[in-house]
Amino acid sequence: MKIFTILKNKKITRITILIFWLAIWEIASLLIGREVYLPSPLNTIKALLALSIRSKFWYSIAMTFVRVVAGFVISCIAGVILGIICGLNRFLYDLLNPLVIAIKSTPVMSVIIIALIWFQSGKVPIFVCFLMCFPIIWTNAVEGIRQVSKELLQMAKVYRVNRSLIIRRIYIPSIGPYLIAGITTALGLGWKVTVAAEVLSNPKFSIGGNLYGAKVYLESAELFAWTSVVIILSFTFEYLFKYIIARIEKY
Amino acid sequence: MAIEIKNLYKSYGRLVICQDFNIILEENKITGILGPSGCGKTTLLNIIAGLEEYQRGTIKGLGGKTFSYIFQEDRLLPWSTVKENIRFVLDSIYDDQKAEKIANQYIDMVGLKEYAHYYPKQLSGGMKQRVAIARAFAYPADILLMDEPFKGLDLELKTGLIQSFLKLWKQDKRTVIFVTHDMDEALSFAHYIYILEGKPLRIKEKIRNMRGVVSDRF
């Protein structure tokens with residue numbers, strides 16, 4: 001009975017689950033007994049606190065944040081616009097599809113290395129983020145447009161409903177769920193590939209650059225601290241996005 | 001001017017829907033079209049509405065005409081309420097106030113006043129059909145096309161809707177073409193009835209309806 005009442009309360013359940021995994025981490029780190037291999041959660045938090053008093057920490061986060069947002073926004077705009085056009089026009093779809101498939105199948109590392117040749121270090125992560133997120137959003141936009149009901153479009157045609165109303169009341173509600181799914185997936189991926197690109201391109205201020213630095217000096221606690229920063233940021237972004245969508249859907 | 005279809009030829013690939021088909025649909029009258037399912041009645045309505053192409057033939061009397069169409073399916077926007085669905089066809093032609101007034105009037109007519117803010121998924125099949133009917137009647141079309149409009153409605157509701165329909169029609173005598181399986185329904189409010197057979201589509205019989213509500217009242 002007691003367990004039931006606890007499980008009923010979602011927040012308590014979540015916190016319990018979090019504590020459970022932190023405990024597993026702590027035990028694993030105690031068993032291994034070498035901070036270099038697996039630092040304890042406590043040491044990771046200590047390292048995080050030590051980092052957070054330095055201005056470089058915040059500056060690095062800010063710069064990575066800007067890169068993710070830039071790459072992500074560009075891929076959203078291009079993905080949605082080109083996705084809608086290709087969803088409506090079969091020829092343009094056939095034209096663009098092989099390119100998108102090629103991008104999708106290219107290993108992230110290849111993209112990063114190619115980008116390193118093409119661009120200066122600060123711009124590499126933006127380009128990589130864009131190239132990795134774009135296919136997801138494009139594919140979802142195309143799929144959304146294709147799912148728009150032909151029957152509803154016929155109905156609107158008979159009643160001579162004007163174009164802007166058709167777009168607002170038929171197209172947008174139809175592709176909305178597809179875009180939301182695409183954007184949510186792309187957001188998570190965006191953070192990961194941007195940081196990966198930063199590790200190799202090593203711009204002056206970046207989370208990836210700091211990750212690399214921590215690895216070079218075998219500062220495992222610091223490495224874990226930076227990693228947790230990425231996880232927290234990525235999670236917060238996704239949560240914020242879902243919250244905004246829920247708010248919009250209310251209206 | 002009546003709608004005059006001459007030498008119409010339409011096929012889907014090898015499947016010939018109609019060949020040298022001729023029909024005259026009187027203006028400002030109610031015409032019922034009966035026929036077995038699959039004979040091409042819906043295709044005929046779609047051709048008149050401009051939703052489907054045809055390969056040969058001429059159709060006179062459609063220039064500049066506007067249409068309302070009650071499809072076999074309700075074709076409601078699933079993410080819009082009853083009222084929003086009706087407003088959808090009115091908002092391109094009326095200002096906000098007038099569209100609102102007309103939408104309310106027709107929702108009332110089909111007896112869905114309490115459901116104006118419901119979404120289609122919250123309504124029964126018959127209620128959705130009534131929304132589609134309200135939408136078609138609310139739109140000020142010259143020609144009203146109906147593909148089995150009262151299908152799936154109980155007798156009482158059907159009679160009620162036919163009554164309101166005739167009342168509306170008397171105020172504003174539009175051209176009405178409706179497809180049905182039900183001879184009694186056709187006799188209850190059509191001026192002319194075409195019995196079709198197919199395929200290919202052809203006229204088996206044309207009936208001038210002399211009995212029932214139509215001849216009694218007008």
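Accessible areas are taken from the Shrake-Rupley method with a 1.4 Å probe. In the predicted model described here, chain B exposes about 10000 Å² on this basis, and carbon and sulfur atoms supply 48% of that area. The accessible surface of chain A comes to about 15100 Å², with 72% belonging to carbon and sulfur atoms.

The two chains were then examined for secondary structure and overall dimensions. Chain A contains 11 helices and 0 strands, and its sequence reads as the pattern α-α-α-α-α-α-α-α-α-α-α. The radius of gyration of chain A is 23 Å, well over the 18 Å given by the globule rule for 251 residues, so chain A is more spread out than a compact globule. Along the principal axes, the C-alpha trace of chain A spans about 75 × 60 × 30 Å. In chain B, the secondary structure comprises 7 helices and 9 strands. Here the radius of gyration is 17 Å, close to the 17 Å that the globule rule gives for 218 residues; chain B is therefore as compact as a globular protein of that length. The C-alpha atoms of chain B occupy a box of roughly 50 × 40 × 30 Å along the principal axes.

Of the 251 residues in chain A, 39% are buried, while 53% of the 218 residues of chain B count as buried. When contacts between residues at least 6 apart in sequence are considered, 72% of those in chain A join residues at least 24 apart; the corresponding value for chain B is 69%.

Chain B has 31 positive and 27 negative charges, whose mean positions lie 3 Å apart.

The interface between the chains was considered next. The size of an interface is often expressed as the accessible area lost when the parts come together. Chain B and chain A bury about 1900 Å² between them, with 61% of this area on carbon and sulfur atoms. A share of 35% of the area that chain B buries against chain A is supplied by R75(B), W79(B) and F88(B), more than by any other three residues. In terms of residues, 24 from chain B and 16 from chain A take part in the contact.

Two loop positions, one in each chain, were inspected individually. S40(A) is placed in the loop between helix 2 (10–32) and helix 3 (41–52) of chain A. Since buried means under 20% relative accessible area, S40(A) counts as buried at 7% relative accessibility. Apart from residues up to four places away in sequence, S40(A) touches W25(A), E26(A), S29(A) and E35(A).

In chain B, P200(B) lies in the loop between strand 8 (192–197) and strand 9 (202–208). With a relative accessible area of 29%, P200(B) is partly exposed, because this class lies between the limits of 20% and 50%. Beyond its neighbours within four places in sequence, P200(B) is in contact with V16(B), I17(B), C18(B) and Q19(B). One of these residues, C18(B), is 182 residues from P200(B) in sequence, yet their C-alpha atoms are 4.5 Å apart in space.

Technical notes. Residues numbered from 1 in each chain as written. Chains lettered and ligands numbered in written order. Predicted model: local features only at pLDDT ≥ 70, side-chain atom pairs only at ≥ 80, totals over all residues. Heavy atoms only, no water. Helix = DSSP H or I, 4+ residues; strand = E, 2+ residues; numbered from the N terminus. Rg over C-alpha atoms; globule rule 2.2 N^0.38 Å. Buried < 20%, exposed > 50% of the residue type's maximum accessible area, 1.4 Å probe, protein only. Contact = heavy atoms within 4.5 Å. Lys, Arg positive; Asp, Glu negative; His and termini not counted. Charge placed at Lys NZ, Arg CZ, Asp CG, Glu CD. Buried area = accessible area lost by both parts, 1.4 Å probe.
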